[in-house]
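Have the model open beside you as you read.

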Amino acid sequence: MSFPDPQSRSAALFERARRIMPGANTRHMITFGPYIVYGSHGAGCRLVDVDGNVYIDWVNNFSAQIHGYGYRPIVEAVRAQTERMLCCILPGEAEIELAEIIAWRLPGVEQVRFANSGTEAVMVAVKGARGLTGRSKVAKTEGGYHGQYDLVEASFLPTPENWGPATRPAAPPFARGTPQSLLDQAVIVPFNDATATLEILEEQAGQLAAVIIDPIPARLGFVQADRAYLQALRDYCSRTGTLLVFDEVFCNRVGFHGAQGHVGVTPDLTVLGKIIGGGLPIGAIGGTRAAMSVFDNLAGPLRVSHSGTFTANPMSMVAGIASLQGLTPDVFARLAAQGDRLRAGLAARFREAGLAMQASGVGSMSSLQLFVGPARNYREFHLKSGPGYLQRMQRLHREMLDEGVLMATRGLMIGSTPMTDADVDETLERAGRALQRFAASEQAVA
Ligand SMILES: Cc1ncc(COP(=O)(O)O)c(C=O)c1O
């Protein structure tokens, strides 16, 4: 393909969308330029756009499509459910089954409730933690992404102008107009700095409902929170009656027992989404029986209400069951080997192109960076990235697109089960050409 192509159907659709939708989209995370490519259909790990261009899909809808396109068990489960019903007011057996599968896999989950998205599940988890503790504040790590709820958007993408001292991070708003009264409820701690984090948390003891953390955050190149750091959070929460919440909406795909199994620390509440819905909208809140009791309306007066027209809708439930049944320990091991193959191959291509780049990540989650060396927290990542990072990444994204490789515009590459070693090798061959052109463009810009 040749991107951008002003004569393409995607370019025409983009112009049409601009007239009716601000920004021509309903998903700000997709930052193509000068127009967005429109999807048509997919098969396996390949995605076809409306102009017939075929891409090896390394985004997989930001992880949700872990089985790629046309995975038969999901297609058939959804087709059968479509015939039975799309949704109704009564609960169905499928939601019990999906909850059982999740609880059986994740060490910190004894009970489950469903929501429609990760954002919504985070919001419900926060309300649950507040209901249990009777406290209102929530601590989160600097730069952490937990969806669109404005409380947890505090300190998402802070800059040196507003981030405050490293050991005492500020809580800048993400959306303009966020009430200060809400931001006062957000306590920001520095990722992976146990000493500074505990100092901040101790001051807030008795006021904090929850500490929420993504143990393997995508935005930090899937750098893993240190086990000692997570254990320090675990100990603090146990000692002070604060809920430890793991946001595993993305990183749950690291393994059969989720991120909590991978890092060896067990939270009180776990927030899930993406892969547990097999490609349909979903979110979930899971946790210990004690933590989840806050939602139990059979055990006495209701402390926190949780409902929704589409929560636990049977379409998402049956797709989720089929998705998780196809994710056995062996399949996770294969996904991890695929990720290792991609990262090692990319490292070789960076060297060949003379680029100071690296591919970090774990399991099927990889992240390309335009710098080398470790970045263990948000500030290090931000400062290493330097000015114009997103623009440089977009140039690379465009070169990859031209080679038929779809990665996320921030450099994420997320694997899927239908990918074979041959698909990974083909990706590397194409990426090699894209990286050579990118290296030339870097020199031209410099
Ligand atoms: C860690 C994390 N939390 C929450 C969310 C929000 O999930 P959703 O997009 O389903 O609302 C995401 C989405 O990418 C995420 O990566």
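A residue counts as buried when its relative accessible area is under 20%. By that cut-off F381, at 12% relative accessibility, is buried. Please keep in mind that this is a predicted model. The structure holds 10 aromatic pairs, and a few of them are picked out below.

**Y145 and F156**
- The ring centres of Y145 and F156 lie 4.9 Å apart, with 45 degrees between the planes, so this pair is tilted.
- Distant parts of the chain are linked here, as the two residues are 11 residues apart.
- Y145 sits in the loop between β5 (137–141) and α5 (150–153), while F156 belongs to the loop between α5 and α6 (180–183).
- Y145 is partly exposed, at a relative accessible area of 30%, whereas F156 is buried, at 4%.

**F371 and F381**
- How are the rings of F371 and F381 arranged? They form an edge-to-face pair, with 5.3 Å from centre to centre and 80 degrees between the planes.

**A ring cluster**
- Which residues do ring pairs link into a cluster? They are W104, F256 and F332.

Definitions and conventions:
Residues numbered from 1 in each chain as written. Predicted model: local features only at pLDDT ≥ 70, side-chain atom pairs only at ≥ 80, totals over all residues. Heavy atoms only, no water. Phe/Tyr/Trp six-rings, centres within 6.5 Å; stacked < 30°, edge-to-face > 60°. Helix = DSSP H or I, 4+ residues; strand = E, 2+ residues; numbered from the N terminus. Buried < 20%, exposed > 50% of the residue type's maximum accessible area, 1.4 Å probe, protein only.
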